[in-house]
Amino acid sequence: MPIRSMTGFAQVKGEVRRGKAEHQNGNQPSSPTERLAFTLALKSVNHRFLDLHFRLPSGTDSLEMQLRRLLKEKMARGHVEVSLSLEREANETFSLNRELIGGYIAAFRTAASEFSLPADPDLNAVLRIPGALDSAGDSAESDIDAAVMAKVDEGLRRLNEMREEEGRGIARELRERMTHLLEASRSVQQHRRAVLQNYSERLQSRLQDLLGATVDRERIL
């Protein structure tokens with residue numbers, strides 16, 4: 001079984017396309033199809049436990065919870081970084097939230113009349129009210145969670161493939177090192193026998209010189 005590394009990287013891309021709704025009067029045709037592209041990246045390194053970190057756009061808390069739950073089911077350990085980037089069409093347009101803006105202006109004029117203040121609403125201030133401008137991509141964003149989650153399995157598959165390849169590389173390197181160690185061990189054994197043989201012959205020769213007689217080699221050993 002190949003060694004499985006925790007190091008890997010995977011990236012998947014997708015997009016959400018939707019046709020925008022017709023105007024309220026029903027007489028004007030729909031606008032062109034809106035497009036919201038995304039890139040989901042998964043990066044993992046070795047870690048004793050499963051350590052998840054997310055870098056997602058604001059307003060994607062629900063998506064983060066779904067990703068966290070799924071990754072905990074699919075992965076056992078590793079330091080995993082998950083990042084998501086969104087790319088809107090360059091020709092993105094905005095529309096007025098007439099109900100919200102109308103209500104604000106009506107309330108402003110009522111307050112000005114009640115307190116006898118000669119003031120008119122500041123359009124710049126009105127347009128900065130959250131929700132005053134509806135992006136053409138907002139409807140696509142409502143589907144982004146499902147689109148991203150549909151790509152997670154593909155991202156995990158690519159991540160595991162890279163981790164398996166990394167593991168196979170580590171296994172090859174370990175086998176090569178073990179082979180080198182085995183060859184070095186055999187070389188040491190051969191050298192050891194040669195050293196012992198040489199030492200035995202020198203010792204036997206020295207004893208013969210000292211004792212003047214033949215010395216039993218086995219006794220020397």
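## Close-up views of a predicted model

**View 1. Arg 158 and Glu 154 are joined by a salt bridge, with 2.6 Å between their closest N and O atoms.** A salt bridge here is a side-chain nitrogen of Lys or Arg within 4 Å of a carboxyl oxygen of Asp or Glu. This is a predicted model, in which local features need pLDDT of at least 70 and side-chain atom pairs count only at pLDDT 80 or more, while totals for chains, interfaces and linings use all residues. Residues are numbered from 1 along each chain as its sequence is written, and side-chain values use heavy atoms, with hydrogens and water left out. Arg 158 and Glu 154 are about one helical turn from each other because they sit four residues apart in helix α5. Helices are DSSP runs (H or I, at least four residues), numbered from the N terminus, as are strands (E, at least two). Arg 158 has a relative accessible area of 35%, so it is partly exposed; Glu 154, with 23%, is partly exposed too. On this scale, buried means under 20% relative accessible area, exposed over 50%, and partly exposed in between (1.4 Å probe, protein chains only).

**View 2. Arg 172 meets Glu 165 in a salt bridge, the closest N and O atoms being 3.7 Å apart.** Arg 172 is partly exposed at 40% relative accessible area, and Glu 165 is partly exposed at 39%. Shared partners also link salt bridges into one network made of Lys 151, Glu 154 and Arg 158.

**View 3. Helix α5 runs from residue 144 to residue 211.** Its 68 residues reach 97 Å from the first C-alpha to the last, close to the 100 Å expected at 1.5 Å a residue. The expected span is 1.5 Å times one less than the number of residues in the helix. At Val 152, α5 bends by about 30 degrees; the bend is the angle between axes fitted to the seven residues ending there and the seven starting there.

**View 4. Helix α1 (residues 61-74) holds both Arg 68 and Glu 64.** Their side chains form a salt bridge (3.1 Å, N to O), and the two residues are four apart, about one turn of the helix. Arg 68 is partly exposed at 29% relative accessibility, as is Glu 64 at 26%. The structure has six salt bridges.

**View 5. Tyr 104 and Phe 108 share helix α2 (residues 98-114).** One aromatic pair turns up in a search of the whole structure. Tyr 104 and Phe 108 form a tilted aromatic pair, 6.4 Å centre to centre with 35 degrees between the planes. Rings of Phe, Tyr and Trp (its six-membered ring) pair if their centres lie within 6.5 Å; planes under 30 degrees apart count as stacked, over 60 as edge-to-face and the rest as tilted. Along the helix, Tyr 104 and Phe 108 are four residues apart, about one turn. Tyr 104 is partly exposed at 32% relative accessible area, and Phe 108 is partly exposed at 25%.

**View 6. Helix α2 has 17 residues.** From its first C-alpha to its last, α2 reaches 24 Å, close to the 24 Å expected at 1.5 Å a residue. Just after α2 comes Ser 116, with a positive phi of about 55 degrees.
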